Structures are given as C-alpha cells and as structure tokens.
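Please examine the sequence and the three-dimensional structure shown below. The report that follows describes selected parts in turn.

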Amino acid sequence: MKNAYDPFMSCIREAYYSDYSSSYSIEEFVDACGVYTLQREVFSSFIADGICTRRFEVMMNEYEYEGDRIMESVYSAMRYIAENKKLVFVIGKLHMAPLCVLRFLNRIMDRDDNIRFVFTYGESFLVREYCQSEWSILLQRADENKMIAFMQSSDVVQNLDVPDSFDYDETMIGQYIISINNMVHTLALDDAKYYLRIIAGMIDRIDSGVSDKNRFKILELLGMVYLAMEDYKDALLVCEKMVPLFYDADDTYREYVYNYFSAKAHLLMEESNLTHKYCASCFSLAKQLNDDDLLMNAEIVDTIASFGNTKELFRSNFSHRINESILDRARKHGYENFLAYMYVFAYDNDEESVRMIANGQKESVHFNLGIEIANRLDNKNLLLNAYMKNIILYSSFGCYQYVRKMYEKRLQIIDKDKPVRVAHTYTGLGYNAIILEDYEKADGYFFKALRILIENRRAEDIAEILYNMFTNYYVAGINEKAVESIELLLKVMKMIHIQSLKICNTSKMYGILALAYFKMGQYLDSYYCVDKMERIMSYVLNKDLESEENLWEEDLYLYNLCKANLYGYEKRFEKAGEHFKIAYRYLQKNDSIKFYAYVDYACIYGKFLKRLGYEEERNNILSEAYKYCHENGYRGRAAELKSEIDNETKVREITYNICKIPETEIINVCQYVGAEIELAKRKKDIDFMMLCHNFMGKKENMVCNVINQTMNLIRNTFSFDRIALIENKTEKPEFTFLSENVELTDEETIGIVDFFKNYKAEFMTSRLDKEFQRYASVTEKMGGNEVATILGIPIFRAGSLTRIFIATIDVHRNFTENRKLPDDNDLEVIKFAISQLDEEIDRIYNNSMIHIMNEKLEKAAVTDQLTGIYNRMGLDKIIKSGFADYGVLLYMDLDNFKQYNDSYGHSVGDSILKLFADIIRRNVEDYGYAIRYGGDEFVAVIPEKDEDFAEDIAKRIQMNLIKESSDIIVNDVVLTSSVGISKYENPGKEGIESALIQADRALYHVKSCEKGKVVRWSEI
C-alpha cells in the first residue's frame, strides 16, 4: 500500500528534519512553504509523527476545492525546498503509483521550476482501472518531456497484462489504518476507497481476527470517504454495519459517529428533518463525551441543513435565521471557515436589506466580514460562493446592476487555469446583460464563453450557451436568429444524448420557440412546438401539483400564452381568453421572468383585445406592463409598450453587430464528445452484461435470488424508478418482481398481459415522442402522469407469452432531472438481459426437476420399498458418508416368520415386516440408522453408544413388537424377535462388516439356544 502523495510528502518531511528543523518550528516551516491555511494542521501533524490529523472538518461543499488546494500545497512546499537545492525525483514502478500521485504529476509536470522527474514503469503490468485515465495522460506527457528513463519488463511473465493487486495482510491492519487515514486527510479519496473496500471485504468474508476497534476504524474511514464523495447510499450502508459495533460494546463515541454520518448522509439527500433528528442525538452524545469539537461539528451540519443546499446555491433557503449562540461558539473555538459561510449566507437576505444595499443606502456588514475572513484564509471557493449567493439573491429582487458587480468580482477571483469557470461567469454576465437590455454586450459575453468552451470541448456547456444566445435574440426581437440558434441547440442535444438542459426545462425552450415562430408567421411550426410542450408537461397539466408548481411556473406561463395565441389564430376567442387569464396568473407569480415576459404578454394580449374591440382593457394591460418596465428601469421595453399604447407601428432595429455562431466548430466538438459518450455507454453496457453473466449459470442459483439480482442491477444501471416482472402462468399472471412503489390489481395485470399478447414487440418511449400515447394502457398502470419514459419487453417461447418486463423513469418534478434517458441501444441491452434471465429461470427450474428426480431415484435405490427404511445399498451409503469412530450394531430377525407367512398369507407377512421396521425406526432414529438387511432380517447401527445402551434398545423393540402385533396375529399367538449385538471401533466398511458378522453369529447363537432373547457377541 502506497502512502498518499508518496514520495512527495515524505520528501517534505525529510527535508524539514535535515535542513530546517534547527531554524524553524514545524508550524513556521509549513507557513513558509505556503501551505493553504486550512490544511496546515494536516501537514504539521504529518511532519511531526507521520500521521495526518485535522481538527476542523472540510465543509461539505469544499471537498473538490480542497483536493485541488492539497496538490497546490504539496507543490508549494516542494518549490520552497527547491529554492535551496535542485530536486530530482527518480520514481520507479510508476505503474504502481496511487491516483493522487498521477494527478499531481499531470498537474505540475509542465511548470518551470527547480524540480525534475524521471520515471520507470513496467509494461507488463496493468494499471488499476480507476487510475487508467490519468495514467494515459501522464505517459503521453512524460514521453513528450523525456521523463521516462526506461521501461521495465517482466522476466517471468511475457506479453501479458498482469494486474498489480493489493495483497491484504491482517497483521498489517494497524499500518493500513494509518496510511488510509493519511489518504483521507490529504483527500486522496479514490485511493482510500480502493484500499478500504478491499480491506472491509476481507474482514467481512473471512473468520477475521481483526479487533472490533480496528473494524470500526475501517468503517469510520470508509464512511468519511463515501460522504466526501457524496455517495450517501453507501455511507448509510456503512452506518448500518456500525450498529452492532457500538450497540454491543455500549461505546458512546462509536454511537456518535453512527449518528453523525447518518446526519451528513441525509443532508446530502436533502432530508433536513432526518438530518436534524440525527444531529439531536449527536448533541447528547457529544455532551456525554465532553467533546466541544464533536458538538460543534454536529451543530454545523444541523445549521447547514436549515439552509437546504449550500452546494447548489440556486436551491438554498436564504430566509433561515441563524442562531447567534452557534456563531458565538464558532468564534470561541476558532471555526473561522464556518463562521465566514454563516456571515455570507445568513444575513441581510430580506427584500428591504437587499434593495438598500444594492442602492448604496446600507452597508452589508456581515457579508463583508465573511469576505474578510475568506480573504484571510485564502479561500477562493468561499469567495466565489459568496458572490454567487448575492447574484442569485439580488437577481430575485431585480437588482441587476448590483448583480453585474458581483459577476465582475467573481471574474477577478477565478484562476486563469480554470477556463470553464471563467466561461460560466461570462455566461452569467451575458444573461444579466439581457435583463439590462444591453443585448450587444450579452452577445459579446456569450461569444467569449463559447470560444472557451469550444477550446475545452465542453459540449453540454456549449448547449447552455446556445440556449442563452437564443434567449438574447428572442428578447431583442431577432426571431430569425433565435430560431437558428435553437435549431442548432436541438441538434447538439441529440448529438450528445441529452433530453434537456440543467438550466431550464425542455418545455420552456419549445414555449419560447413557439412564440418566435408565431411572430414570424410560421404557425404550423408553432403548433408543433406547443404539441411538444403538452407531451413534456402532461405530468403537470393533468395533475394537481400545487407543491411543485413553482418548478413549472415559467413553463405554465409560456404554455398558456402559446395556447391563447393559437386559439386566437383559430378565432376560438373564448378559449383564448381563458388561457390569457391563466398565463397572467403565472406571470404575476414569477417576478424573475417579468423582464421579458411582461412585454410579450401585454403586446400579444393587447393585440387580441384590440381585435375584439376591447380598447379599455387593452390600454389597461399595456399601461400596467409599461409601469412595471418603467419602474424597474427597462427603458427599451417601456418604449416598445409606449408605442403599442399610442398605436404606433414601430419595428425594432438591430443596432449592433451580431457575433456569428461558429456552427462547424460546435458540430465538430459535439460529434467528438458524442462519440466519447457512446464509447462510455458501450463500456457500461459491457460491464452490465458481464455482471449479468457472472451471477447467471451458477450451480447454486435460486430463482428468487437471480430475479432480485437482475432487477436491482437493471434498476441501478439505467436509473429506473419503477420495475415490474410478470410471469404469464396458465392460471393467472403473477409478479416475480415488483418495485415497492408499484401497486397493480389482478385486473390491471391481466390488462398488461393482454396488451403484450396483441402488441408482441418490445418498446421504449418518452413523453417527447408522438408514440407515447400508444402505450397509455400500460403507462397508466405504472405511474400515469408521473412517467417520463417507459420501456416494455415481452418474452415469447414457441409463440406463447411467458414473461413481461416493464420499467419506468419518473418525471422527477421537472425535466431538468431527466437529462439522459435510455436509448434504443439500452433497450436492446436490457432485452438481452431479460432473455438471459428467462433462460436462467428455465435452467434453474429444469435443474431443480432433474435434482428432485435424481433424489427420488437415489432414495429409491437405498430404500426398502416395502418398509420405507434403508436397504443394503442404504447401509453402504451410510458407511461411505462416515460417522463416529465407535458404536454398536444390532442384528435382528423375527422368530418363526416363515410359519406366520405360510399360515396367514403374504399380506399378513408384509404387515408384520412393516410393523417390525416401524418399531425399529422409532426406537433408533434419534440415535442411529434402521436397515432391512433381507427377508425378515433387520440391522440397526448406533454410533457413539455402548452395548448396554444397545441392549436397552433391543429389549424395547421386542416389547413393542409383542404389544403392537396383537392386532395382526390372532389366536393368542405371540410374535417375538431375536437380537444379536456387536461393537465396532472402525466406522469404515471393514469395521462394519466385521461387526455384522459378529452380530449375525450372536443372533444365530440366540436362535440355537432360546429364541426371543438378546445376546451380546462379547459375552459368547
């Protein structure tokens, strides 16, 4: 196991003790090295004793940023050391390096400093899968820079890729924990995850001697990694594994960790109520432990939960009021980073304060304090988040001049080696310029962003820029350019396999496009766009969704305005009037769209009212919109409305040079990215099919397990929300798998089966497709309006429908969360998996029937057909299966059986034999085996018992026989048996056969002397 950032961190530590320890304390040395303020404790503790510690946890939205800063801190320290001497790193076996080292080398390789590298690596070794991308980049760049000295080859293995695996050694668990702890604190999270999953798996699988203390530490580190990587599902699984380790040991700290990790996982899931619940438990446990830091950490998580989402700022709750006592404790205990976040996010968020600050009438005291702390800590991520928070907040109150200042502040902070972030800021400036009616500036900002994104091959971001350019052209009244840009956008989305954009619902795009087409007189195109809207929005149009309506307000405004337009075109004035009123209601609910929507609505509705002769109403709506635009400084739009009010025909003039969209370059980038996406999807499909193959065909498979594994694998791989697997049995259809969120009656299930009997083919469709309604009879039963995409696969055998697989993806509140839906290739892959499952189920059923038949045949071969106990072959089977090293054997027969058989007939004889066998079985079955050896001779083998025990059993058998045979034998005839007993001391065939001979001779002795007795061979 390699240490994090090895050999660089070790070099820094060694350099301190060899060159600097006499002049600097460790803290002074770390400070001189330029290590990031929040990471100095990590470096200082490592230099002190080789173990990284950190008192102040990484904020949950800063892991990626701090990961970058760790690399910069390592490099800064190396550069400081290199000021006094040239550093040359000769790194052998580079193929075994952890991912953090490969990333670090790729980051700093081209920098001009006093640090040089020479690498060697083994061609015959396969780099770990999670490292392969960085490895490929590194090899290419190292070769270009002539850093590869030579390539080692294996003398043992030729022309083979030999994986470099981690060989777990239980005796090294303590060292593993130290190394992985260092990885976690230096944010080498992928490397930590790689080792932890192996170690945790080994501890779970084998009879491990690892102590509970170390088991818990491994789980604690694994939980830290999952939470840092935002993998809340696996984090919660880790928490479940912690329960017995703290519950059985009554360990308060472990119980705190369980609750703390659970709180953070539910925070990532945006389940604030559960987060608060677990935090409340943490408060109590931290107080029991008398640990202020544990208490403070829990209070931080609890506080962040009240803000909703500090990672996705657009969804944060800025109205939450902070508890001042928490800030007092944060100041007292030195939690400056958290304190800065609270100063930025928790104050002056009401409308009055926002407007006063934007107008220069009030100082933003707390915000400025947060900025001051962020600057002191050199936390650029906090600065960027602070300005973005103000951008979002102040935009919501229409303070766009202030918003422009915030964007410009962000632009000053962003590192120039983060070009995509620069592009995003230009995009924000551009959108803000649209609102401020500076369309030329907006176009320029978007074009700058577009150039950066094309150079960096950021296809999805290019799509979002095209949408913003489309918005700019539409608001500016350049409808032809708006249509041109949206058509290119739709082409791009298709090439990169996305259904919608992060920044808007797809229905919104079609809504604005429908208005643009209508203004251009292209009415059929407008109808087409509205039809698209209806299919996308059927989820919200056909359902009462008041709780989620705010997510669709703009879409609902556009939809109703477009419908009003088209009804007016059709001269269906009453219907048009209804939709104008609904559109107005949604317009008034959403202040953020009024900058463009009010003018559109007033002008379109005004023309409609003029057409009907309602001049007063027309003037009222136009005047209302004019007043809004005038009060909010939208002079151009106000002028447009004034012309409408005065009945002036005024054509907008384009007063700036429109930047030409580089369509060819965009298409080339998107084709390249689309091919990469296709390649990644094919790899995912191969991995999926390999996983299916791995758990199918196993001898030990059970039907229910294979079905559950396959269904869960399909659900997780393709992100389905609902799944049903129906077996079409002769009597009636049955579910062999049904998601917990699906409820189907027998009648509905039969309806689904009838549909597929008629349709006979697989299908996949989404609300964007015209064919979606064709499958309504199935869709309605699997979620109805909540379904965004549905897939159905019938399996036929010899013309008969045997199984049906149905899966759906929900709308998920809005279409921005359904950006990448399954395609036709996914349908084929899933169909293959379902066919394989069908064959596997048949194989298991067939094998089960064969197994049952073989068991019956095997049992018949070793079972006496008359009495149902073992026969001679059964005795051989018992001997081969093995039993105790010693025991006793009873050899028994019925006295005068031939006489009874001849006197009373074979049927009575058979009854006597069955009775005798049953008596022997009842008396022996708890201790050994009963065997019919032949005719009326029976044997009992009793392991681990002596002759005294055997004699007691024999006499009990004799007494039972006399008593129970009276119903069969009449005329006061008494049925008796004779028994010979022998010991055995070798359980093998020879030992049993020897005991049989002795017991047989003992029986013969009884027969010769006095029948109906029990004789031991040892006493003859």
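## A salt bridge

Which side chain meets that of R69 in a salt bridge? The side chain of D378 does, at 2.7 Å from N to O. A salt bridge is a side-chain nitrogen of Lys or Arg within 4 Å of a carboxyl oxygen of Asp or Glu. R69 belongs to helix α4 (residues 63-82), whereas D378 lies in the loop between α17 (365-377) and α18 (380-396), so the pair ties together parts that are 309 residues apart in sequence. The structure holds 62 salt bridges.

## Basis of the description

This is a predicted model, in which local features need pLDDT of at least 70 and side-chain atom pairs count only at pLDDT 80 or more, while totals for chains, interfaces and linings use all residues. Residues are numbered from 1 along each chain as its sequence is written, and side-chain values use heavy atoms, with hydrogens and water left out.

Helices (H or I, at least four residues) and strands (E, at least two) are DSSP runs, numbered from the N terminus. Axes are lines fitted to C-alpha atoms, for helices over the stretch in contact, and angles run from 0 to 180 degrees between N-to-C directions.

## Two helix pairs

Helix α22 (residues 459-476) and helix α31 (residues 663-695) have axes that come within 9 Å and cross at roughly 140°. That makes α22 oblique to α31; angles under 35 degrees count as roughly parallel, over 145 as roughly antiparallel, 65 to 115 as roughly perpendicular and the rest as oblique. The contact (heavy atoms within 4.5 Å) is made by A459, I462 and L466 of α22 with I666, V669, C670 and V673 of α31. By class, the contact of α22 with α31 has seven nonpolar, no polar and no charged residues. Here Ala, Val, Leu, Ile, Met, Phe, Trp, Tyr, Cys and Pro count as nonpolar, Asp, Glu, Lys and Arg as charged, and the others, Gly among them, as polar.

Helix α13 (residues 292-307) packs with helix α14 (residues 324-333) at an angle of about 135°, their axes being 11 Å apart. That makes α13 oblique to α14. From α13 the contact involves D292, M296, E299 and T303, and from α14 it involves I326, R329, A330 and H333. The residues of this contact of α13 with α14 divide into three nonpolar, two polar and three charged.

## The antiparallel sheet

Five strands form an open sheet with antiparallel pairing, in the order β7-β6-β10-β9-β8. Two strands pair if DSSP finds at least two bridges between them. The edge strands β7 (734-738) and β8 (763-766) each pair on one side only. Four bridges join strand β6 (residues 722-727) to β7, and A724 stands opposite L738 in β7.

Helix α32 (residues 703-718) packs on this sheet, touching β6, β7 and β10 (800-810), and its direction makes about 50° with that of β7. Helix α35 (residues 824-862) also packs on the sheet, where it touches β6, β8, β9 (787-797) and β10.

## The mixed sheet

Another open sheet has five strands in the order β12-β13-β11-β14-β15, with mixed pairing. Its edge strands are β12 (929-934) and β15 (1014-1016). The twist averages 20° from one strand to the next. Strand β14 (residues 977-984) runs parallel to β15 and is joined to β15 by three bridges.
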